[in-house]
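The sequence and the model follow, and the text then goes from the RNA strand to the protein chain.

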Amino acid sequence: MIQVQLPDGSLHEYPDETTALDVAASIGERLAMATVAAEIDGTTVDAMRPLAELSDAEPIALRLLTTRDPEALGVMRHSCAHVMARAVMRVFPGVQLAFGPTIDNGFYYDIGLDQAIREEDFERIEQEMKAIVKAAEPFERFHLGRDEALSFCEELDQGLKVEHIRTGLAEHEELSFYRQGEFVDLCRGPHIPDAGRIKSFKLLSVAGSHWKGDAAAGRRLQRLYGTAWFSKKDQKAYLERMEEARRRDHRVLGKQHGLFSITAEVGQGLCLWLPKGASVRGRLEDFIKAELLARGYDPVYSPHVGRVELYETSGHFPYYRDSQFAPLFTHDAGQLVDGWIRRLEAGALGEKDEQALREAASVLGCDTAAYPLQGTQDERVSFLRHWELTQERFLLKPMNCPHHVQIYKSQPRSYRELPVRLAEFGTVYRHEQSGELNGMLRVRGLTQDDAHQFCTADQVEQEFRDTLELVKFVLAAVGLDDYRVQLSLRDSASDKYVGSEENWDRAESSLRNVLEETGLEYEECVGEAAFYGPKADFMVRDCIGREWQLGTVQLDYNLPERFELEYIGSDNRAHRPVMIHRAPFGSMERFVGMLIEHFAGAFPLWLAPEQIRVLPVSEDRHAGYAAQMNERMASEGFRVTTDLRSAKVQSKIRDAQLELIPYMLVVGDKEAAEGTVAVRDRIDGDLGMMPVDEAIARLREEADSRQVRQVVKSSFSAFEGESQADHEY
RNA sequence: GCUGCUGUAGCUCAGUGGUAGAGCGCGUCCUUGGUAAGGACGAGGUCAUGGGUUCAAGUCCCAUCAGCAGCUCCA
């Protein structure tokens with residue numbers, strides 16, 4: 001007999017072979033039906049395995065995982081991945097199984113297959129999956145020793161599994177498998193008792209991947225993504241959420257509403273801010289700038305390029321070379337010599353090529369007569385470097401700090417003027433891998449809302465507190481109030497960090513103190529800090545629950561050292577300041593991209609590129625009064641246009657609604673006669689006629705208080721079918 | 001960067017090796033209207049680019065460029 005303790009504390013006795021499923025059945029049939037897996041000693045396990053096999057504890061603390069538990073969802077999805085793999089093997093011969101894990105909201109399975117699986121094939125695979133689910137065959141676990149397991153996988157012709165046992169699982173003496181009908185997979189589990197527990201699933205996409213994530217090895221796999229749920233309703237809600245996210249895609253909305261443009265003509269990852277997008281950005285920048293001034297920042301400007309030496313000193317140029325635009329040389333031979341050095345250093349230069357480079361450099365005007373062709377690699381590199389140092393080399397700046405450091409150094413600093421806070425909307429260029437580019441969210445030219453604070457170690461805490469307040473204030477202005485902070489700390493066991501132990505301790509506890517004191521949700525990530533200092537990243541949740549990593553605050557003990565920054569302390573001696581990098585919103589590109597998705601393109605009044613549209617009822621009779629209203633609104637500081645097309649007012653309203661203009665002023669005979677306007681709100685519709693002054697007061701109040709109204713539609717039903725625009729925003 | 005998919009009018013997309021299409025938008029004209037689509041006519045294309053196969057290529061093949069999804073990366 002075994003003793004089992006349930007979460008309510010009750011103790012029960014069961015025969016030796018009892019499984020979690022048996023326990024559930026002993027409590028009730030419906031519970032057994034709903035039981036998907038079990039939790040013993042905090043780990044999720046198969047419900048169909050004998051409990052005695054899983055734990056030696058007396059009693060065994062058992063928690064049944066039912067369709068209500070999130071852990072159960074993961075188990076079921078993993079089983080669904082097996083079902084999918086089984087179905088794929090039925091449809092396509094010669095499938096090599098790789099890995100099929102659970103991910104957020106679903107699962108995937110990586111498979112090797114010569115033939116490309118296309119979305120058109122999903123239907124057939126899903127049909128097979130349905131048949132498998134309907135047959136509701138059990139998942140059966142069994143174990144094999146290493147040798148048996150290897151020959152078993154070889155028999156099954158699953159070469160990737162063989163390799164995985166040999167490499168990834170080299171230390172496992174015994175390997176577990178799950179059998180479901182004709183399908184057997186090397187797998188740690190756990191799984192659901194039988195396939196019938198999968199109530200709803202759908203294949204979502206297929207994409208390329210690599211064996212063990214190693215692209216260099218060049219072993220391509222196909223990754224099939226799917227989702228699965230315990231009810232059709234949950235799945236439908238999930239798919240609707242996905243659809244909602246897709247509908248908000250800033251790349252689509254940005255094009256539709258003329259906010260920004262990224263084209264091949266201009267260059268990959270290089271964003272053009274169209275007038276309307278520039279307007280939104282301008283409002284945000286003005287707003288942030290005003291805040292910075294109020295908080296004691298000094299705005300500065302710096303050029304878009306800087307001498308390479310700056311970034312060599314900072315250490316970034318060599319380290320991030322691959323993700324930077326190539327340096328600019330004023331000498332024709334610059335690029336050539338640069339490539340030459342890199343080839344030498346990589347040891348990838350043959351004698352013949354070296355001779356050719358020498359001649360070419362000479363043709364381009366670099367005197368290589370004294371080049372030590374017979375010398376060591378170091379001697380040759382140093383000859384070239386010496387020449388390079390006599391040349392001007394520039395870099396499109398990949399970050400603003402070196403320039404700001406130079407501004408700090410432009411005069412001697414006293415402790416009395418600290419902290420020095422230098423702020424700039426600084427545009428930087430990074431040559432991101434082409435596959436990483438994504439609309440405005442990942443670009444190659446971006447403008448950071450950057451600032452560098454130079455302060456003493458005891459000022460760090462206050463500076464961090466101020467930055468948090470700034471972030472809070474600005475995020476509130478755009479209706480974002482759900483965010484958390486990821487605090488990255490050092491791993492005290494490692495010695496890769498610069499800066500004194502004492503400074504780190506002090507800084508880390510300062511950051512933690514401030515976070516505690518603000519009551520912000522935060523998590524500590526030990527070992528995630530940069531080598532030069534701890535950092536705090538802001539994770540913001542938008543109105544449909546997606547999390548965005550926006551800004552960051554980073555302490556830096558490295559650059560002050562490398563650039564030999566100093567200030568004169570009260571003791572009349574030189575001290576090294578601490579430097580704080582902070583870009584609370586990351587980049588304007590990313591922030592505005594996120595806002596487009598957050599607002600689904602419908603910006604609040606204070607940010608809307610076009611705030612008001614005047615709609616004359618009759619184009620020829622009311623054009624004069626409309627022009628008068630337009631002028632009045634413009635003189636009150638609103639961004640306003642007038643729709644002078646000879647269309648019906650209904651049609652003009654429809655267009656303005658679809659263009660997400662916050663307010664429409666309908667003007668006709670009545671309004672012209674009485675000096676009023678009929679106000680239509682994008683959200684609430686017709687507000688009726690009112691005196692112009694009242695309309696102005698109302699809109700001004702909304703804009704000045706930066707009110708954010710109706711960020712998200714509560715119901716998704718409006719998006720179904722063709723009538724998607726009905727009363728939408 | 002790697003893998004897969006895609007590239008046709010300003011936008012969204014049809015298009016079977018044999019004459020280039022639709023809806024929306026745009027222009028002109030008619031219409032002058034009261035809170036989500038008035039009507040007629042019209043313009044608009046080197047089918048991403050460059051090669052190839054073929055009597056014939058938007059369609060098939062190769063390369064390049066770009067986009068999308070994923071992988072890998074992100075100071």
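With seven residues, helix 22 gives the most to the surface near RNA strand B. The model is a predicted one.

**The surface near the RNA**

There are 53 residues around RNA strand B, and Q268, S434, E436, R654 and E671 come nearest. Sorted by class, this surface is made of 16 nonpolar, 19 polar and 18 charged residues. On the RNA side, 42% of the atoms within 4 Å of the protein belong to sugar or phosphate, and the rest belong to bases.

The table gives three of them.

| Residue | Protein atom | Atom of RNA strand B | Distance |
|---|---|---|---|
| Q324 | side-chain N or O | base nitrogen | 3.4 Å |
| S618 | side-chain N or O | base oxygen | 2.6 Å |
| D669 | backbone N or O | base oxygen | 2.9 Å |

Seen by element, two or more residues near RNA strand B come from each of strand 12 (200–210), strand 13 (220–229), helix 9 (250–256), helix 21 (619–635), helix 22 (649–658), helix 23 (669–674) and strand 32 (676–681).

**The protein chain as a whole**

Chain A contains 24 helices and 33 strands. Of its 729 residues, 51% count as buried. The C-alpha trace of chain A spans about 90 × 85 × 55 Å along its principal axes.

The structure holds zero disulfides. C543, at 23% relative accessibility, counts as partly exposed.

Strands of a sheet pair through backbone hydrogen bonds, either parallel or antiparallel. Here, five strands form an open sheet with mixed pairing, in the order 2-1-5-3-4. Its edges are strand 2 (11–14) and strand 4 (43–46); each has a single partner strand, so one side of each is left without a neighbour in the sheet. On average, and with direction ignored, neighbouring strands of this sheet are turned by 40 degrees against each other.

Strand 1 (residues 2–5) runs antiparallel to strand 2, and four bridges join the two. Within this pair, Q5 stands opposite L11 of strand 2.

**A buried strand**

How many of the five residues of strand 29 (residues 612–616) are buried? Five of the five are, so strand 29 is largely enclosed by the rest of the structure. In a regular strand the side chains alternate between the two faces of the sheet. Both faces of strand 29 are covered, with I612, V614 and P616 buried on one side and R613 and L615 buried on the other.

Strand 29 runs parallel to strand 30 (residues 640–642), and three bridges join them.

**Backbone details in loops**

Most residues other than glycine have a negative phi, and most peptide bonds are trans. Some places in this model depart from that description.

D157 has a positive phi, near 65 degrees, and is a residue other than glycine. D157 sits in the loop between helix 6 (146–155) and helix 7 (159–166). Is D157 buried or exposed? Its relative accessible area is 56%, so D157 is exposed.

N572, also a residue other than glycine, has a positive phi near 65 degrees. The loop that holds N572 lies between strand 26 (567–568) and strand 27 (574–575). N572 counts as exposed because its relative accessibility is 64%, where the cut-off is over 50%.

The peptide bond from L418 to P419 is cis, and its omega is near -5 degrees. P419 belongs to the loop between helix 16 (401–409) and strand 20 (420–429).

A further loop, between helix 10 (275–294) and strand 16 (298–299), holds G296. With a relative accessible area of 36%, G296 is partly exposed. G296 and R421 are 125 residues apart along the chain, and their C-alpha atoms are separated by 7.2 Å.

Notes:
Residues numbered from 1 in each chain as written. Chains lettered and ligands numbered in written order. Predicted model: local features only at pLDDT ≥ 70, side-chain atom pairs only at ≥ 80, totals over all residues. Heavy atoms only, no water. Near = heavy atom within 4 Å. Polar contact = N/O pair within 3.5 Å; in protein donor to acceptor, adjacent residues only side chain to side chain. Nonpolar A, V, L, I, M, F, W, Y, C, P; charged D, E, K, R; others polar. Disulfide = S-S within 2.5 Å. Buried < 20%, exposed > 50% of the residue type's maximum accessible area, 1.4 Å probe, protein only. Pairing = 2+ DSSP bridges. Axes fitted to C-alpha atoms, helices over the stretch in contact; angles between N-to-C directions.
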